[in-house]
Amino acid sequence: MAVLCSNCSGKLIFNPATQKLECANCGSFFSPEDVRDLNADLHSKYYDTRVYICGHCGAEVVTSDSEASTFCVYCGNPAIVFSRISKEYKPDGIIPFQVTKEDAIRYVKLRFLKNPMVPKEVKEKLTPGNIRGIYVPYWIINAAFSETDMLSGEVKNGKRTEKRWYARAGEVKLKNVPVDGSKILNDDISMKLEPFYLEDTKVFDEDYLNGFYSNTSDTSYNELRTSAAERCHKLYAGDVVKDIPAKNVKIEDSIYWVDIQDDPIYIMMPVWFFTFKYDGKPYTILINGQTGKVVGTMPWKQKSLYMITGGLTVLTLAVMSLLFVALKYNFFGLSTFYNHAIIGLMSFASFVLTRGITGIVRIFKNLKLTQSEDIFKYVKKRQE
Amino acid sequence: MTQNQIFILYAITAFVWVFTSVSIAIFITYRILEKYNNYGDSSCKLDDYSMSGIKYKRSNDNVVPEEKSYHFNVFGENPYEDRVHSIPEQLLKNSEKKDQED
């Protein structure tokens with residue numbers, strides 16, 4: 001449990017800025033490796049944690065010291081109750097927080113807060129009280145991965161474009177792939193938090209957890225293998241399409257297998273969670289506690305969005321009208337290009353419209369992931 | 001050119017113009033949302049985790065879709081089926097817990 005200051009018995013908190021344990025009472029500081037908890041058995045495979053249960057989303061929030069949790073770090077709900085003291089397996093390693101809470105707030109501000117479309121209420125919620133640091137469990141695996149694919153692509157044949165089919169079967173050896181070991185985080189989100197740089201990994205010491213929350217790995221071996229296969233498939237798929245000599249390559253069908261080599265390494269990775277509610281819905285923005293990478297989609301004011309789209313339509317229409325006048329009255333001899341202009345504009349507009357709609361659909365999908373209740377439902381579905 | 005033809009010509013032009021304007025506006029709106037509201041798309045590639053890259057056992061261009069079943073039958077068996085590995089205790093504990101819940 002909590003280690004106390006040897007000078008004044010005050011509570012020690014890990015400070016990411018100095019990478020030291022600091023006493024909140026007298027200001028003394030110590031290296032985590034130098035501090036020894038007299039109650040702790042150094043050779044034990046276990047460490048003690050305090051587990052809280054969220055009455056709203058059902059998540060387990062784990063703290064390692066005597067700090068009481070006041071709200072759920074996943075959905076922001078205050079309906080959280082102390083459940084038990086639990087002994088957990090010690091992870092093999094930990095990447096300590098390197099980004100401080102103030103830095104995390106600054107990174108979010110830099111990303112989103114200059115945007116006039118982000119509602120004022122959301123900007124006001126970006127306070128230290130709404131940000132919590134959590135160590136998220138990951139498994140670092142070495143794996144052999146095998147995949148067989150049928151792909152399609154488009155090839156020019158004279159003036160025509162033909163669809164062609166391709167077959168690929170291959171194997172790849174992968175090293176140090178991080179796989180999220182917690183069901184509460186969607187794998188798509190945890191993947192976006194990467195990269196984590198393993199060079200900063202320290203041997204696990206529970207003193208690094210002081211002042212932070214943690215989440216222990218709750219996946220079984222089979223679930224880890226499924227997640228690892230999906231993770232490796234995404235990496236493989238990104239590479240196999242480059243091997244096809246065609247445009248607009250798609251994987252039409254695939255089968256794949258993974259073999260996780262001996263002894264996956266259990267590591268705690270640092271993540272800041274900014275949780276807030278807007279328009280009755282919970283949102284979670286994540287910040288990589290090692291690199292400061294911000295992951296999530298901020299809600300926007302619907303009115304601003306309609307105004308921007310409407311304004312842009314009017315503006316482009318005005319520009320297009322000028323072009324029409326130039327064509328109609330043959331300014332600069334443009335009317336000879338009239339038919340070409342119509343065909344060209346239609347093709348251009350179709351391309352741009354497809355890109356725009358696909359992009360907006362993707363952003364809405366990301367927004368759904370950011371709404372943590374949806375993450376939870378997704379996780380529940382995966383558990384079933 | 002008759003009145004009807006002129007009308008049709010104007011209608012087509014107006015449609016093209018409005019369609020293009022709306023398309024461009026939607027595209028710019030997407031770019032604004034992408035730049036200012038959406039963050040953190042995955043940037044990891046296979047090269048980040050593999051030194052050797054993919055070793056292809058089969059690499060055929062211009063196949064016909066009907067070959068799929070043949071292709072999947074030939075390469076469609078788990079190559080790692082018989083391999084046994086040691087499993088960390090945490091994962092074993094989680095598996096037991098899951099079995100009990102089931």
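What you are looking at is a predicted model, so local features need pLDDT of at least 70, side-chain atom pairs count only at pLDDT 80 or more, and totals for chains, interfaces and linings use all residues. Residues are numbered from 1 along each chain as its sequence is written, chains are lettered from A and ligands numbered from 1 in the order in which they are written, and side-chain values use heavy atoms, with hydrogens and water left out.

Let's begin with confidence. The score to know is pLDDT, the predictor's confidence in each residue, from 0 to 100. Chain A has a mean pLDDT of 81, with 85% of its residues at 70 or more. Its residues 376–384 are a place for caution: the pLDDT there is below 50, and this stretch has twelve contacts in the model beyond near neighbours in sequence. (A contact means heavy atoms within 4.5 Å.) Chain B averages 82, and 97% of its residues score at least 70. For the complex, the predictor gives an ipTM of 0.78 and a pTM of 0.79.

Now to the meeting of the two chains. Chain A brings 99 residues to the contact and chain B brings 69. Together they bury about 7700 Å², and 64% of that lies on carbon and sulfur atoms. Buried area here is the accessible area (1.4 Å probe) that two parts lose on being put together, summed over both. On chain A's side, A:Tyr89, A:Trp165 and A:Trp257 supply 8% of the area that chain A buries against chain B, more than any other three residues.

The interface of chains A and B holds four salt bridges, a salt bridge being a side-chain nitrogen of Lys or Arg within 4 Å of a carboxyl oxygen of Asp or Glu. In one of them B:Glu34 meets A:Arg362, with the closest N and O atoms 3.3 Å apart. Helix H6 (residues 338–370) of chain A gives the most to the side of chain A that touches chain B, with 17 residues. Helices (H or I, at least four residues) and strands (E, at least two) are DSSP runs, numbered from the N terminus.

The chains also share strand pairing, which needs at least two DSSP bridges between two strands. Strand S9 (residues 160–180) of chain A runs antiparallel to strand S2 (residues 55–63) of chain B, over seven bridges. Follow the partners along: A:Tyr166 has B:Asp61 as its bridge partner, and A:Ala169 stands opposite B:Arg58. Among the elements of chain B, S2(B) has the highest mean pLDDT (87), while strand S1 (residues 38–39) of chain B has the lowest (76).

Strand S8 (residues 131–157) of chain A pairs with S9(A) in the antiparallel sense over 19 bridges, and A:Ile141 stands opposite A:Val177. S8(A) and S9(A) form a hairpin with two residues between them, and in the turn A:Gly158 has a positive phi of about 65 degrees.

An open sheet of three strands has the order S1-S2-S3 (chain A), with antiparallel pairing. Strands S1 (12–15) and S3 (29–30) of chain A stand at the edges with a single partner strand each, so one side of each is left without a neighbour in the sheet. Strand S2 (residues 20–23) of chain A is joined to S3(A) by two bridges, and A:Leu21 has A:Phe30 as a bridge partner.

Two details of the backbone deserve a stop. Most residues other than glycine have a negative phi, and most peptide bonds are trans. A:Gln19 has a positive phi of about 60 degrees although it is not a glycine, and A:Gln19 sits in the loop between S1 and S2 of chain A. A cis peptide bond joins A:Glu194 and A:Pro195, with omega about 10 degrees. A:Pro195 lies in the loop between helix H3 (187–193) and strand S10 (202–203) of chain A.

One joins the side chains of A:Asp103 and A:Arg106 (3.2 Å, N to O). These two residues are three apart in helix H1 (residues 101–113) of chain A, so about one helical turn separates A:Asp103 from A:Arg106.
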